[in-house]
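Please keep it open beside you as you read.

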Amino acid sequence: MRVLLIGANGYIGRFVADRLLADPAVQLTALGRGDDADVRFDLATGSPGALTRFLDAVHPGVVVNCAGATRGGARELTRHNTVAVATICEALRRSGCGARLVQIGCGSEYGPSQPGSSTAEDAVPRPGGPYGVSKLAATELVLGSGLDAVVLRVFSPVGPGTPAGSPLGRLAEAMRRAMQSGDGELKLGGLGAQRDFVDVRDVARAVHAASLSAAQGVINIGSGRAVRLRDAAGILARVAGYGGALNELDGLPGPHVGAVHVTHTAHASHLRATIGHPRGESEHHTATSPAAFPYPDGCGTWQQADVRTARDRLGWRPRINLEESLADIWMEAACRI
């Protein structure tokens, strides 16, 4: 089976590439913007005609799209998440290769959901921010393309390689700094959000299964269990061997991804490092006002996937538990000491 993988150097794409390369029946070609791609092509600026000519030359049986942007303004997100997918769909329609398309979507397409509920694929999407809107538009393009296609809506991927700008990535970095400095307390604010965390290696298994299946439409990929960020922080502290106190700040207004306030035992100064805000924003704030940022994924306080469709149509179940995923996140953070 010849597979064209788009976005092989991204967070999910790297693990998808490893999974596909481990299958001796797969012949893999990577297409992307970086120098390490087998073929360099920018989906946001390249023409569908140019991509069609490449598809006709390579003749893949499956195209997997893991490319996209998670941060940036509405224009950048639309260009990399929506326009890029429009280019793929149009090129596949023009091509004679007849390839199957596996598109990586995200749980942010659904937006906020009722606490205690599990979101199934037939839920009406109401994305709460530009990222979710751009990904939902891409999903609609795929579903309306007439192609042999499936969209995997991945909820909150975690594990090795977790981006430093993600909530758990920032928490691991704050804990590393606290341990390195001998700080005896981490004050965590706004960690009441509950998310469905799924290991990125399990996501790669789902992509592999979807490539081999005949399933079409939308399929949720998650653990099927929502976990509070404060509980994830406790697990991370345990696997890290952090002996300090984890205390939650009170009084943060509204739904926010947590601010971390490190109380130095040996100094009078304080350091606050926010968890969950976009890269490039300041990590230092005054000691009188806890850092607070809206949920960047636009999903409010609760998300939990209904993953029965993945089980029934792909034969897929998550295998890696959150503690193992967090241990791998910590191992990478600890290596920076």
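The points below cover a pair of helices and then a sheet.

1. This is a predicted model, in which local features need pLDDT of at least 70, side-chain atom pairs count only at pLDDT 80 or more, and totals for chains, interfaces and linings use all residues. Residues are numbered from 1 along each chain as its sequence is written, and side-chain values use heavy atoms, with hydrogens and water left out.

2. Start with helix 2 (residues 48-58) and helix 3 (residues 74-94), whose axes come within 8 Å and cross at roughly 50°. That makes helix 2 oblique to helix 3 (angles under 35 degrees count as roughly parallel, over 145 as roughly antiparallel, 65 to 115 as roughly perpendicular and the rest as oblique). Helices here are DSSP runs of H or I with at least four residues, and strands are runs of E with at least two.

3. Which residues of helix 2 and helix 3 meet? From helix 2 come P48, G49, L51, T52 and L55, and from helix 3 T87, I88, E90, A91, L92 and R94. The residues of this contact (heavy atoms within 4.5 Å) divide into 6 nonpolar, 3 polar and 2 charged.

4. Now look at the open sheet, where 3 strands run in the order 7-9-11 with mixed pairing. Strand 7 (156-158) and strand 11 (226-228) each have a single partner strand, so one side of each is left without a neighbour in the sheet.

5. Strand 9 (residues 194-199) pairs with strand 11 in the antiparallel sense over 3 bridges (pairing needs at least two DSSP bridges). R195 has V227 in strand 11 as its bridge partner.

How values were computed
Axes are lines fitted to C-alpha atoms, for helices over the stretch in contact, and angles run from 0 to 180 degrees between N-to-C directions. Ala, Val, Leu, Ile, Met, Phe, Trp, Tyr, Cys and Pro count as nonpolar, Asp, Glu, Lys and Arg as charged, and the others, Gly among them, as polar.
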